[in-house]
Amino acid sequence: MTLSITPLHQWIDTQKGPLIISGPCGAETEEQIMQTAYGLAALNRVHVFRAGVWKPRTRPNSFEGAGSKALAWLSRVKKETGMLTAVEVANAGHVEEALKHGIDILWIGARTTVNPFSVQEIADALKGTDAAVMVKNPVHSDIQLWIGALERINQTGITKLVAVHRGFYTPDESVYRNIPRWEIPIELKTLYPQLPLICDPSHICGRRETLAGVAQKALDLNMAGLMIEAHHDPSSALSDASQQLTPAALGWLLSGLQIREVASQDKVFKDQLEQMRLMIDDIDAQLIHILAKRMEMITQIGEYKRDNNVTVFQLERWLEILRSRIALGIIQGLDETYVKEVCELLHKESIRLQTEIMEIRKLNS
Ligand code: PEP
Ligand code: MN
C-alpha cells in the first residue's frame, strides 16, 4: 500500500533548516516544563516542544509522567512561546485528551508501535481529525511492524505523518542504548520517499556525550529533522537523566551541526560527481560480470559433486574461503565484517544453486 502524505513544509515551517523537536523526556512539574520551554524557545531553532505526559515504564512504580494535568502546561507553552507541542499517546483516551487540549502532534512510542491492537485503537480514535502523527520505530528491528503502524494511521485519513528513527534493542553489549541499524530507516525512506523521516538521537545514544555524532550522521543521511530530549536541569530529571541536555547545550549541539545540501547547483561539482558515478557504474558492471562467471563455475562444481555423490556443503572448504578472503580483504583495506558478509552472501547463493542441481538429479533418477 502506498502512503498518502502531506509534505512536512506544508504544516511546519522548515524552510530554514531541519525540523527540530525538543523538550523533556517526561513532564514533571509546571515549573520544569515552563523553564525548559523558555530555554528552548530562546534558541530560536526549536519548532516543536515535546514532553512525555504518560510515560511507558519498564517497571511499575517508576515515574510515569505527570499525567493529564500536564496537558494544560503544554497549552501554556504553546501560548507563551509559540512552539508547537507534541506528546506520546498509547491509547484512545490519550488521543482524545491530547486533542482536546490542542496538542499539535501526537507520537506513538516504540513500545506501542510493536502492538497492532494499540496502534489500531489509536488510529480509530484519530478518525475524522486533522492531527499530525509521528510513529517511532518498534523496539526491535522489524521494519514491517513500523510500516504496518504507519499504514494503520494513514488509512484512517491522517496524512501529516512522520517516521521517527530511535534505534533498536540489542541483547549485545553496545555503546548505544538502542543500536541505530541505519540500513533500516534507509530502507523505509527507499520504500516511501515522500514520508518525512527524522531521527531521535537521545534514545539511540542513552547518554549526552555521543548525541552530536549521531545527530550529524542522521543529517548526513538526509533525514528531515531531529528529536532531542532537553531538561532545564538534566541531573534532576525523573526519567532518562543521563541523555538529556540543557537548552543551552542543545543550542551548542545544533550550532555545531553541518547542514549539507541534498544536491549542489555548482556545475564543476556536478560534472565531477557525474564522472565518478560513471566509474562506479563501470565497476558495478564488472562486478556483476564476475558474479555471473562465479555462478557458472559453481554450476560445474555442483554437477561434478552430484555425479560423484559428494555433499554440497563442505565445512573445511567454507572455513578456508572465509579465512583467506578476509585476509585478502584486510590487506586491501576492506572492513573485516564487510568482507565476511559478502562471503556469506556468495556462499548462501552457491549452496542454493548446488542444492537445486542435486534436486534435478533426484527428479531424473
Ligand atoms: C520518549 O520519546 O520519551 C520515549 C519513550 O521514546 P521511545 O518510545 O523511543 O522509547
Ligand atoms: Mn525518554
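Student: What makes the pair formed by K136 and ligand 1 a polar contact?

Tutor: A polar side-chain atom of K136 lies 2.8 Å from an oxygen atom of ligand 1. A polar contact is a pair of N or O atoms within 3.5 Å; inside the protein, one atom must also be able to donate a hydrogen and the other to accept it, and sequence neighbours count only if both atoms are side-chain atoms. The value of 2.8 Å is within 3.5 Å, so K136 makes a polar contact with ligand 1. K55 has such an atom 2.8 Å from a ligand oxygen, and for E229 the distance is 3.2 Å.

Tutor: Two notes on the source. This is a predicted model, in which local features need pLDDT of at least 70 and side-chain atom pairs pLDDT 80 or more, while totals for chains, interfaces and linings use all residues. Residues are numbered from 1 along each chain as written, chains are lettered from A and ligands numbered from 1 in written order, and side-chain values use heavy atoms, without hydrogens and water.

Student: Which residues are around ligand 1?

Tutor: Among them are C25, R50, W107, H203 and E229. A residue is near the ligand if one of its heavy atoms lies within 4 Å of it. The shell has three nonpolar, two polar and seven charged residues. Here Asp, Glu, Lys and Arg count as charged; Ala, Val, Leu, Ile, Met, Phe, Trp, Tyr, Cys and Pro as nonpolar; the others, Gly among them, as polar.

Student: How do you know that E229 and R50 form a salt bridge?

Tutor: Their closest N and O atoms are 3.3 Å apart. A salt bridge needs a side-chain nitrogen of Lys or Arg within 4 Å of a carboxyl oxygen of Asp or Glu. The value of 3.3 Å is within 4 Å, so the pair qualifies. E229 lies in strand β8 and R50 in strand β2, so the bridge ties together parts 179 residues apart in sequence. Strands are DSSP runs of E with at least two residues, and helices are runs of H or I with at least four, both numbered from the N terminus. The structure holds 15 salt bridges.

Student: Why is E229 called buried?

Tutor: Buried means under 20% relative accessible area, exposed means over 50%, and partly exposed lies in between (1.4 Å probe, protein chains only). E229 has 0%, so it counts as buried. R50 has 1% and is buried as well.

Student: D271 and K267 also pair; how far apart are the closest N and O atoms?

Tutor: They are 2.8 Å apart, in a salt bridge. Both residues lie in helix α11, four residues apart, about one turn of the helix. D271 has 39% relative accessibility, so it counts as partly exposed, whereas K267 has 57% and counts as exposed.

Student: What about D307 and R306, which meet in a salt bridge?

Tutor: The N to O distance there is 3.1 Å. D307, at 51%, is exposed. R306, at 17%, is buried.

Student: What makes I288 exposed?

Tutor: Its relative accessible area is 57%, and that is over 50%, so I288 is exposed. I288 is found in helix α11 (residues 267-307).

Student: Where is P18, and is it buried or exposed?

Tutor: P18 is in the segment before β1 (19-23). Its relative accessible area is 15%, so P18 is buried.
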